[in-house]
Amino acid sequence: MTSTTPKYPPITLPLELRIQFLWNRIVRFAILFEDEKVNSTFAVEREFKELITLENATISRICFSYACSVAEFEDLRQDALINIWRGMHSFRGESSSKTWIYRVTVNSCLSTIRKQSRHRHESLDALYGLIDSDDSDKESIEQLHRVINTLDPDERAIIMMWLDELSYDEIGVAMGLNRNTIATRIRRIKEKITNEYKREELI
């Protein structure tokens, strides 16, 4: 396993959100800041932007692991951002913001994949080209992503959270599973990953 943190392309807001945020500003200034509802929405917008800036790498890493092309990577991130924004009003802080981001982003990616029902037949070389890291680390990062790509979608989400050092309890909250189930599944996933690494070494 590699401990290197790769850099992903910067996140840009979806057109839908850019238009909505611009409209919020127009309305806010038009009423001279006197409407509490508009001011509340503006505060949530600011919180949203701070959150996605803080969790940029987390959002990108999840979408990267579910994508099979550069275009799909960008589409998954855009969908995830829209779903994060739509969920901001319901986020009560009952779990950490990172755990909540994982839950929303993973669910967003899984929903898109299930709707498309697509299979991975195209080369991932172009997708891996998005990773910005030292040449000495690039090969090991790509290998890790290739191995993770062999897992099913739920396993992929669990192992990414484990690699991101979330606790079993936090992973359980994000996946809607209890701690013991998470512990069992992580053990099985590690075995799969180890076997896949061994298989690659033999090729």
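A residue counts as buried when its relative accessible area is under 20%, as exposed when it is over 50%, and as partly exposed in between (1.4 Å probe, protein chains only). By that criterion the buried residues of helix H3 are Thr58, Ile59, Ser60, Arg61, Ile62, Cys63, Phe64, Ser65 and Tyr66. This is a predicted model, in which local features need pLDDT of at least 70 and side-chain atom pairs count only at pLDDT 80 or more, while totals for chains, interfaces and linings use all residues. Residues are numbered from 1 along each chain as its sequence is written, and side-chain values use heavy atoms, with hydrogens and water left out.

**Overall architecture**

- The protein chain has ten helices and zero strands, where helices (H or I, at least four residues) and strands (E, at least two) are DSSP runs numbered from the N terminus.
- Along the sequence the pattern therefore reads α-α-α-α-α-α-α-α-α-α.
- Of the 203 residues of the protein chain, 44% count as buried.
- Among contacts (heavy atoms within 4.5 Å) with a separation of 6 or more, 72% are between residues 24 or more positions apart.

**Helix H3 and its packing on H8**

- Nine of the eleven residues of H3 are buried, so this helix is largely enclosed by the rest of the structure.
- H3 (residues 56-66) packs with H8 (residues 153-163) at an angle of about 150°, their axes lying 11 Å apart; axes are lines fitted to C-alpha atoms, for helices over the stretch in contact, and angles run from 0 to 180 degrees between N-to-C directions.
- That angle makes H3 roughly antiparallel to H8, the class for angles over 145 degrees, with under 35 counting as roughly parallel, 65 to 115 as roughly perpendicular and the rest as oblique.
- The crossing of H3 and H8 is right-handed, meaning that the near helix is turned clockwise from the far one by less than a right angle.
- H3 contributes Arg61, Ile62, Ser65 and Tyr66 to the contact, and H8 contributes Pro153, Arg156, Ala157 and Met160.
- The residues of this contact divide into five nonpolar, one polar and two charged; Ala, Val, Leu, Ile, Met, Phe, Trp, Tyr, Cys and Pro count as nonpolar, Asp, Glu, Lys and Arg as charged, and the others, Gly among them, as polar.

**Salt bridges**

- The whole structure holds nine salt bridges, each a side-chain nitrogen of Lys or Arg within 4 Å of a carboxyl oxygen of Asp or Glu.
- Lys98 and Glu55 form a salt bridge at 3.4 Å, N to O; Lys98 lies in helix H5 (residues 97-116) and Glu55 in the loop between helix H2 (36-54) and H3, so the pair links distant parts of the chain, 43 residues apart.
- Lys98 is partly exposed at 24% relative accessibility, whereas Glu55 is buried at 6%.
- Glu55, Arg61, Lys98 and Asp164 are linked in a network of salt bridges.
- Arg77 pairs with Glu74, the closest N and O atoms being 3.2 Å apart; both lie in helix H4 (residues 70-87), three residues apart, about one turn of the helix.
- Arg77 is buried at 2% relative accessibility, and Glu74 is partly exposed at 26%.
- Glu155 forms a salt bridge with Lys192, with 2.7 Å between the closest N and O atoms; because Glu155 lies in H8 and Lys192 in H10 (residues 179-202), the pair ties together parts 37 residues apart in sequence.
- Glu155 is buried at 9% relative accessible area, and Lys192 is partly exposed at 43%.
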